[in-house]
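Please look over the sequence and the structure before reading on.

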Amino acid sequence: MKVTLSALDTFESSFTPLVVIELVQDVKEETKEWLKNRIIAKKKDGGAQLLFRPLLNKYEKETLENQNLYLVGASRLRLLLGAEAVGLVKECNDNTMRAFTYGTRHNFKGFDDDNDDFLTMAECQFIIKHELENLRARDEKMIPGYPQAKLYPGKSLLRRLLTSGIIIQVFPLHDNEALKKLEDSWYTRFTLKYQPVDSIRGYFGETIALYFGFLEYFTFALIPMAVIGLPYYMFVWEDYDKYVIFASFNLIWSTVILEVWKRGCANMTYRWGTLVMKRQFEEPRPGFHGVLGINSVTGREEPLYPSYKRQLRIYLVSLPFVCLCLYFSLYVMMIYFDMEAWALELHEDSGSEWTSVLLYVPSIIYAIVIEIMNRLYRYAAEFLTSWENHRLESAYQNHLVLKVLVFNFLNCFASLFYIAFVLRDMKLLRQSLATLLITSQILNQIVESLLPYWLQRKHHVQVKRKVQALKADIDATLYEQVVLEKEMGTYLGTFDDYLELFLQFGYVSLFSCVYPLAAAFAVLNNFTEVNSDALKMCRVFKRPFSEPSASIGVWQLAFETMSVISVVTNCALIGMSPQVNALFPESKVDLILIVVAAEVRKSLDVNNIHAPEQEQCLLCCSQT
């Protein structure tokens, strides 16, 4: 017999809370009642058919601060039917991966009517988020109590409530017991071991797990470079021109590691079911606005915005602004070279130990300025990309990534290219690369991990004292957890984490042939990065909603582009080396161009060869 949603009970007084909704303090009572009814109403009546209750009852609200916090959960049957609705892919008893359906639930591995562990908590929270986001206006013209918050048929209620400021935030709760087990196997014991990527995926979802899987893979891929670089640095330290062998290895390494990662990534995502998961129709992003009209594809009424207006904003405002920022970055770079010349002149005049230390000061200052400029530009890029009014979140992310990567690449690497190919000063190139790499790693560890962790610990102590002082008869453990987590910072995604790895990949792959210790420092940084990022995810930020992913997305293309640039750069450095020029003394420029052109064509051929392999990845995974 087919089970329908109408058979579910949405009025259970006791349930496992999975998601928290925080409303603004002065929200109207009629708005709260309307929202509650829409969440618990049956699907046939336009509701989400979820479980819903306030964190505090009436007496507790009078005793404590009036917290407009509400808990959302779902029955086991509701979650299973939701898993079918979102198209979750699970492993069957015959070891194949198929989309889950409630009618064939007994065909799936690990399913039992008495077992509540078939769906991970991350998957349950993803289902609830999906149901909340798909609560849509029917006949309502506005949100009750807020006539300025207009509605139209098909509009997502959650997005309108968020953009109107009625809902402050929606976030999933941590499972303290499961989190403790994950921490014990992940970062609390400082031992050299593989990360529990499958456990990370079960708790945080595929997007976070793929980042940590890539971070681990990239760290291990750096070890051969570090092992070769250490003796190379020790025995050829003073001879800056003997870098041909290391540069040759460098250009091969930068291409191979990305091809190997693509296969490993496909294996992981096939095992998790996201590689074969059907992609859902993408809804307009919350910040998208326009004139109400009928979407020609969906037939639904929604905001429409002319494409030509967006293109005008991009080409007449965003593009000139980005070019202006790039010019300013180059201007700051020339100031840095003036500082370098001043420090060198001062050292040559005095020759003291103090002035020899002063030689590193311009590079350190420039590295700090680069980090500040990168962060300031990031805010400007986010504002501009939002102002461009992209309809889809994927389009917004792609334009944001492009803006940020172009500026960060020029800002971080322009000085190194100038030193290598204009000044041709290998000693200064080595010094600048070392300073930029080490300084950026130290700053990132402080800003992204240590400072947020210290602030969170300070807030945690304050909440503890506040809860211990309460005399009310309440579930203090749950109250403390919700209040603590709602004040945590919001994890904004893996953008900054991938960007840091992208820049690190650039430092290592582009010019590490003149500073072989670059890979060794990157390995040391990444070993600490794994633990600091794990700590950040578990103890500093709110738990993010799980997001199914089949790959690392646009970052794969970004790393591949950097790999091609790396091949060109290393070939140019090889063509400039005294050893190669000694073989062809009469045509240095022609030699460089020939070597670069040959290697670029080789890189493109490698990518074309591996393209069919990408298409066969699914077949390979299913056979293994």
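Predicted model: local features only at pLDDT ≥ 70, side-chain atom pairs only at ≥ 80, totals over all residues.

## Surface

## Overall fold

The protein chain contains 21 helices and 10 strands. Of its 624 residues, 51% are buried. Among contacts in the chain with a separation of 6 or more, 73% are accounted for by residues 24 or more positions apart.

## Nonpolar cores

The largest nonpolar core comprises 102 residues. Those with the most contacts inside this core are Trp-186, Phe-204, Tyr-243, Trp-253, Phe-502, Phe-511 and Trp-555. Helix H8, which spans residues 206-235, provides the largest share of the core, with 13 residues. Another core, of 50 residues, lies apart from it; Ile-21, Leu-35, Ala-74 and Phe-108 are among its members.

Leaving aside residues up to four places away in sequence, Phe-511 touches Leu-416, Phe-417, Ala-420, Phe-421, Leu-429, Leu-433, Gly-506, Thr-569 and Leu-573.

## Cysteines

Are Cys-412 and Cys-571 buried or exposed? Residues under 20% relative accessible area are classed as buried. Cys-412 has 1% relative accessibility and therefore counts as buried. Cys-571 also counts as buried, because its relative accessibility is 1%. A search of the whole structure finds zero disulfides.

Terms used:
Residues numbered from 1 in each chain as written. Heavy atoms only, no water. Disulfide = S-S within 2.5 Å. Buried < 20%, exposed > 50% of the residue type's maximum accessible area, 1.4 Å probe, protein only. Core = buried A, V, L, I, M, F, W, Y, C linked by side-chain atoms within 4.5 Å. Helix = DSSP H or I, 4+ residues; strand = E, 2+ residues; numbered from the N terminus. Contact = heavy atoms within 4.5 Å.
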